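Thanks for coming, everyone. Please look at the sequence and the model on the screen, and I will walk you through a few places in it.

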Amino acid sequence: MADSKNISWHDSKVTKEQRRNLNHHKSVTVWFTGLSGSGKSTISVELEKELHRSGVRTYRLDGDNIRHGLNKDLGFDPDDRKENIRRIGEVSKLMVEAGLVVLTAFISPYRTDREEVRNMVEHGEFIEVFVDASIETCAARDPKGLYQKARAGKVKGFTGIDAPYEAPVNPEITVNTDEERIEESVQKIISYLKTKQYLINETI
Ligand SMILES: Nc1ncnc2c1ncn2[C@@H]1O[C@H](COP(=O)(O)OS(=O)(=O)O)[C@@H](OP(=O)(O)O)[C@H]1O
Ligand SMILES: Nc1ncnc2c1ncn2[C@@H]1O[C@H](COP(=O)(O)OP(=O)(O)O)[C@@H](O)[C@H]1O
């Protein structure tokens, strides 16, 4: 990749704090990580619906969607996954600057890649949500039929089958979709956001 030269930062006259004040809530990235089929998309969709209903300005970034556009040049080897997560980290950082609550749903299987995203932003602007589910559960759900293909050798390097998934060591939130209903997981995350005062003046 070429280095960027002869460029300089240009400040705005509106700050992140001012944008947050206008929105009446803080901005943050809620980063879902977990196996394919663990429930990242499902939970983030329901969470966004609840937040939006309460007047929170949100945006959702989802692996499948982003890989159709911004990241359509990337595959699934470790370097491409790293670049995928780096770009999403940068995009979510911009959205946090813009004052939004950003919900990201990517497998993001490598701990170091997730930590790099955490380190891009200020303390408290990255909330890691581990969507925990056994590989047996995920493979039984198999919403896209990819586990079946991976087990038949028709998809190579599939996370949890023949590519690794590194679970978070100390995530801010863990939801266990083997045991919890979707609504319970959503409420757990909302409680965290309220307790930590990300949602100020909200009716949620
Ligand atoms: N080899 C391989 N491994 C894992 N997943 C695969 C693979 N090939 C395609 N898919 C589909 O791509 C979705 C994962 O994309 P992500 O961008 O979230 O992956 S990553 O974070 O870069 O690892 C993932 O979607 P989710 O099921 O929503 O997680 C799959 O549908
Ligand atoms: N408790 C639960 N939490 C989340 N999803 C669940 C749960 N129970 C069953 N599911 C189902 O599991 C599937 C999860 O798929 P998805 O949300 O696409 O996962 P991911 O985005 O992690 O690949 C969906 O079909 C969803 O309806």
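Let me start with a term. Two residues are in contact if their C-beta atoms, placed from the backbone, lie within 7 Å. Keep that in mind whenever I say that something packs or touches. One caution as well: this is a predicted model.

Now use the term. What do the buried residues of H5 pack against? They pack against S1, H4 and S4. H5 is the helix at residues 111-120. Its buried residues are Asp113, Arg114 and Val117. Those residues cover an arc of only 100° around the axis, which puts them on the same side of H5. Turn to the face away from that buried side. There you find the exposed residues Thr112 and Asn119.

Serine 108 sits between S3 and H5. UniProt, in an unreviewed entry, gives Ser108 the annotation "active site". Is serine 108 buried or exposed? The cut-off for buried is 20 or more other C-beta atoms within 10 Å. Serine 108 has 27 such neighbours, so it counts as buried. Leave out residues up to four places away in sequence, and serine 108 touches Thr33, Ile85, Asp113 and Arg114. Asp113 and Arg114 are among the buried residues of H5.

Next, H4, one of the partners of the buried side of H5. H4 is the helix at residues 78-97. Glutamate 90 lies in H4. Glutamate 90 has 12, so it is exposed. Now look across to valine 121. Glutamate 90 and valine 121 are 31 residues apart along the chain. Their C-alpha atoms are separated by 9.1 Å.

On to H2, residues 40-53. How far apart should its ends be? H2 has 14 residues, and at 1.5 Å a residue they should span 20 Å. The end C-alpha atoms are 20 Å apart, which agrees. Which residues of H2 are buried? Lys40, Ser41, Ile43, Ser44, Leu47 and Leu51. Look down the axis of H2. These buried residues fall within an arc of 160°, so they line one face of the helix.

What does that face meet? After H2 comes glycine 55, and its phi is positive, near 90°.

Now go to the other end of H2, to the loop between S1 and H2. Glycine 34 is in that loop. An unreviewed UniProt entry marks a "binding site" at Gly34, Leu35, Ser36, Gly37, Ser38, Gly39, Lys40 and Ser41. Glycine 34 has 28 C-beta neighbours inside 10 Å, so it counts as buried. Serine 38 is buried as well, with 28 other C-beta atoms within 10 Å.

Who do they touch, again leaving out residues up to four places away in sequence? For glycine 34, the contacts are Lys40, Phe130, Val131, Asp132 and Ala133. For serine 38, they are Val131, Ala133, Cys138 and Thr177.

Two ligands are left. Start with ligand 2. It is surrounded by 18 residues, and the closest are Gly39, Lys40, Ser41, Thr42 and Thr177. Gly39, Lys40 and Ser41 are also in the UniProt "binding site" feature. H2 gives the most to this shell, with 4 residues. H2 and H8 each supply at least two. By class, the shell divides into 5 nonpolar, 9 polar and 4 charged residues.

Then ligand 1. Around it are 21 residues, and the closest are Ser36, Gly63, Arg81, Phe106 and Ile107. The elements giving two or more residues are H3 and H4. The largest share, 3 residues, comes from H4. The classes here are 9 nonpolar, 8 polar and 4 charged.

The unreviewed UniProt entry places "domain: APS kinase" at residues 26-176. Over that stretch the chain is 40% helix and 18% strand. The end C-alpha atoms of the stretch are 26 Å apart.

That is my tour. Thank you.

Definitions and conventions:
Residues numbered from 1 in each chain as written. Chains lettered and ligands numbered in written order. Predicted model: local features only at pLDDT ≥ 70, side-chain atom pairs only at ≥ 80, totals over all residues. Expected span 1.5 Å × (residues − 1). Arc of directions from axis to C-beta. UniProt positions renumbered as here; feature names shortened; annotations may be inferred. Near = placed C-beta within 6 Å. Nonpolar A, V, L, I, M, F, W, Y, C, P; charged D, E, K, R; others polar.
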